[in-house]
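This report describes selected local features of a protein model, beginning with the confidence of the prediction and continuing with helices, ring contacts and a hairpin.

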Amino acid sequence: GFNDINGLNVALQMRIQQGKDEVGCSSNDDQKRCLRTLTKLSSDVSAGEVWDNSHCKRCRSDWQQTGPVCKHCHLEDDLVKLEKLSNDPEISCVVKAMTKVVKNLHSSESNAQHKSYLRCLHRRATRYSELQHLLRDEIKAAKAFWRAHFDLLSDIDEMNQCKRSMRLRRCDENISTLTDNEAAFVVDRQDIASEYSEHEAKQVLALAEMKRSEDSMRFLINQSSTSKSGRESNICTICLASFQDERSVLSCGHSFHPECVEKLFGRVGGGAIRCPMRCPMTTTRTDLFLASNKSREDGSRACHEVKGDYGTKVNRLIGDVLGTIQLGDKGLILSQWEDMLDIVAEGLKENNIKFIRPKGGKQFGQDVRLFRSSDCPILLLNVKNGAEGLTLVEANHAFMLEPILNHSIDAQAINRIHRIGQTSKTFVHRYIVADTVEEKIDSMRLEREANHFEDDIAQERKDHFDRNEIDQIFGWTS
């Protein structure tokens, strides 16, 4: 404890030094060095940087890499340390209390000299708070910059993987000794024809998807430029009537009523049409796509009758699973709670849905292999026990029964199906009950995801909520 201002000063200095010792930060020079390293990151990355990042045992643990920790992970460690130092709750609380006390004393002090001194002290305290706020903004921007460069390296590595040559299996080669990533590029001679056809089909699908994305991008760019210029964008320029729920979008990105576009095609005998806005691009029927404002819950989504009543969330889950099976797809049902999986298992049984729920130990691997090789459409997994190190590209639907605060665990669970080797479009279904604590937990997950720190060490080691998070969840913050 302390009884005077000198004691408070000593206590604050000790707390600041304790914080630096806890995170391993010795001085302000560490902060400057970290930010200098960050500013030296360039979009013109070298092959060595890409190699180090793609073989890092920490950020590429998903691929069972065993290389040394890359400089990006070390830089992340430094940023996490700086963030922790800039958000010390004890020091922030003391500074706020001191600022309030000084302000109150200033308003009640009558001595002019004392009043001037207190005014100066209050300005310094206010300036300190402003600098701390600017520091936190700087660290937040640094994290975003770090993440952008990390994503760049990941994208380049993925491009390199796409260009990586496949090879024939060697005589007497044991494929089981290779990693999943290495085995994906090895082909048996008898599989050449089927592999060629499969990759040719993938190319056609990818080109079609790219074409749709380009059309969507042109439409959005056109909508953005229209709104910025102040022109009315909610009126069809052919019939001058307002748009309702749907509009036909041409290759150039301009949109009109579907009926008006049909009349244009009728005038040219079904061939390519030119945009009425005098754009140079022409549009065929295959280039045309439909933009709709209709909600997916307006009846356009197929409904399935569910036997039994297991609560709103599980009933909806079972209905979605029935729709997935109807499409011939497979899915993973992921939860943090074994009790929830027990309820889901009962519902699946009553609705005659086959599923596999892996048991622990050696049986776990056998159950997973059975799911991969059989026609069983559903695998039940606990995200805490079954997410790490698994590749389940046989499934393309992930059903997340609760929001997961730890973003890295959430992403790792989804990456069981969304990774290299996946040939189908993947879907993530999240079940959040409205007006409950789940909404706030999910908003916190999205906030952490937006901060671009999937592997935030401080959060990774945290197995509890801190006071600020509890206040946010239950709405106790002002």
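The term pLDDT denotes the predictor's confidence in each residue, on a scale from 0 to 100. The model is predicted, and the protein chain has an average pLDDT of 78, with 81% of the residues scoring at least 70. Among the elements of the chain, the lowest mean pLDDT, 47, belongs to helix α16 (residues 457-460), whereas strand β9 (residues 355-356) has the highest, 93.

| Stretch | pLDDT | Contacts in the model beyond near neighbours in sequence |
|---|---|---|
| Residues 295-302 | below 50 | six contacts |
| Residues 452-458 | below 50 | 22 contacts |

**Aromatic rings**

Rings count as a pair if their centres lie within 6.5 Å, and as stacked if their planes are under 30 degrees apart. By this rule there is one aromatic pair. The ring centres of Trp146 and Phe150 are 5.3 Å apart and the planes meet at 10 degrees, so this pair is stacked. Both residues belong to helix α6 (residues 112-163), where a separation of four residues, about one turn of the helix, lies between Trp146 and Phe150. Trp146 and Phe150 are both buried.

Another ring has a charge over its face: Lys330 is placed over Phe371, at 4.6 Å from the ring centre.

**Helix α10**

Helix α10 comprises 15 residues (312-326). From the first C-alpha to the last, α10 spans 21 Å, close to the 21 Å expected at 1.5 Å a residue. Of the 15 residues of α10, 11 are buried, so the helix is largely enclosed by the rest of the structure. Just after α10, Gly328 adopts a positive phi of about 85 degrees.

Which sense of pairing joins strands β3 and β4? Strand β3 (residues 246-249) pairs with strand β4 (residues 255-256) in the antiparallel sense, over two bridges. Phe256 in β4 is the bridge partner of Ser248.

Key: Residues numbered from 1 in each chain as written. Predicted model: local features only at pLDDT ≥ 70, side-chain atom pairs only at ≥ 80, totals over all residues. Heavy atoms only, no water. Phe/Tyr/Trp six-rings, centres within 6.5 Å; stacked < 30°, edge-to-face > 60°. Buried < 20%, exposed > 50% of the residue type's maximum accessible area, 1.4 Å probe, protein only. Lys NZ or Arg CZ within 6 Å of the ring centre and 35° of its normal. Expected span 1.5 Å × (residues − 1). Contact = heavy atoms within 4.5 Å. Pairing = 2+ DSSP bridges.
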